[in-house]
Amino acid sequence: MARILLTGGAGYIGSHTYTALVAAGHRAVILDDFSNADPGVIDRLDRIAGVRPDVVEGSVLDRAILDRTFADHAIDAVIHFAARKAVGESTAIPLDYFQTNVTGLIELAQAAKAAGVWRIVFSSTATVYGAPDRFPIPETAPLSYTNPYAFTKLTCERILQQAADADPFVVGILRYFNPVGAHPSGLIGEDPKGVPDNLMPFMAKVAMGELPELSVFGDDYDTPDGTCLRDYIHVMDLARAHVLSVEALLGGRPHVLNIGTGVPTSVLAMHAAYGAAVGRELPYRIAPRRPGDVPRLDADPSRAAEVLGFRAELDLDAMCRDSWRWVRAQAAGWRLNDPG
């Protein structure tokens, strides 16, 4: 059993990873400032895992809190989720993204070094591949960025890799593709504020009647149905990948890996699958292409299978079904044992 510090551990991916770590026999300490997370998730994690999380409320920008967290808990490794993550917002407030994402990582790594904690899993993104021209995308593809968010993630990758050249850091970099879905209990899931940026939360709000229709941005791409292709991965699979990653680091095995299914899914295929989960067809309209959208973005996940033994297990139907269960349970105030 290892004790893992989860920065941003009350957020979407962090909370699911907490449940996966506990299920695998590990303990976890959550550090979160709750700027983009609901404090009520802690009670729901207790209900799911049967173990109430140790929680430190604070920011990765606060070195004193980081030092105290490492001093108070026998931390073996860190999984670093805490970051700003909206591509569109990053173009409006880039300095905020540089401060939280880049300075936050540096403060965390300095505190970890001072405490002698050398193993860090870093939450990265497929956006570090920029606008790729080879599919599926391998980890060896050229790296670039098209927005400040991607710039921060690529910068953080390079900071960690160069830190590991100088100090005994053992680093796992996980480049996510498109996380979706929710915990099968319906107690935790993605909860974006305002109008969602991502496809599945947007469809959920259409299904709940909070938005009138889905806008499909472009149907004239060179793809089977003319809409963009993406690699969607169930958040529970993604959480499991983090457990395997941190266990590999504890065994002294650094890595840089894509985490996806390797199965490209179009916008219209996702729309149809979500409608099937809801039980009715959801309204949509075709809108003009959005600047910056690429026709296809899907992973070559073979290295994750080779290095970690990781393969995604949950399909598109499970992603949509679990998302819809979460949305209904959330609307009911999580009072239902099985929201259906």
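Begin with the second largest pocket, which has a volume of about 230 Å³; a pocket here is an open set of points on a 1 Å grid over the protein atoms alone, where a 1.4 Å probe fits, with protein on both sides within 12 Å along at least five of seven lines, and a volume is the space filled by probe spheres set on the points, which are joined across faces, edges and corners. The model is predicted, so that local features need pLDDT of at least 70 and side-chain atom pairs count only at pLDDT 80 or more, whereas totals for chains, interfaces and linings use all residues. Residues are numbered from 1 along each chain as its sequence is written, and side-chain values use heavy atoms, with hydrogens and water left out.

Select the lining next: 15 residues line the second largest pocket, and Glu190, Ala204, Trp326, Val327 and Gln330 lie nearest its centre, a lining residue being one with an atom within 4 Å of a point. Helix H7 (199-207) and helix H11 (316-331) each supply at least two residues of this lining, and H11 gives the most, with five; helices (H or I, at least four residues) and strands (E, at least two) are DSSP runs, numbered from the N terminus. Coloured by class, the lining shows eight nonpolar, three polar and four charged residues, where Ala, Val, Leu, Ile, Met, Phe, Trp, Tyr, Cys and Pro count as nonpolar, Asp, Glu, Lys and Arg as charged, and the others, Gly among them, as polar.

Now turn to the open sheet, in which seven strands follow the order S3-S2-S1-S4-S5-S6-S10 with parallel pairing; two strands pair if DSSP finds at least two bridges between them. Its edges are S3 (54-57) and S10 (255-259), each of which pairs on one side only. Neighbouring strands are turned by 20° against each other on average, direction ignored, with axes fitted to C-alpha atoms, for helices over the stretch in contact, and angles running from 0 to 180 degrees between N-to-C directions.

Within the sheet, select S4 (residues 77-80) and S5 (residues 119-125), which pair in the parallel sense over three bridges, and find Ile79 opposite Val121 in S5. Helix H1 (residues 12-23) packs on the sheet, touching S1 (3-7), S2 (27-32), S4 and S6 (170-176), and its direction makes about 170° with that of S1; contact means heavy atoms within 4.5 Å. Helix H3 (residues 63-72) lies across S1, S2, S3 and S4, running at about 165° to S2.

Two loops complete the tour. Between S5 and helix H6 (148-166) lies Pro136, joined to Phe135 by a cis peptide bond with omega of about -10°. Between S2 and helix H2 (41-49) lies Phe34, whose phi is positive, about 60°, although Phe34 is not a glycine.
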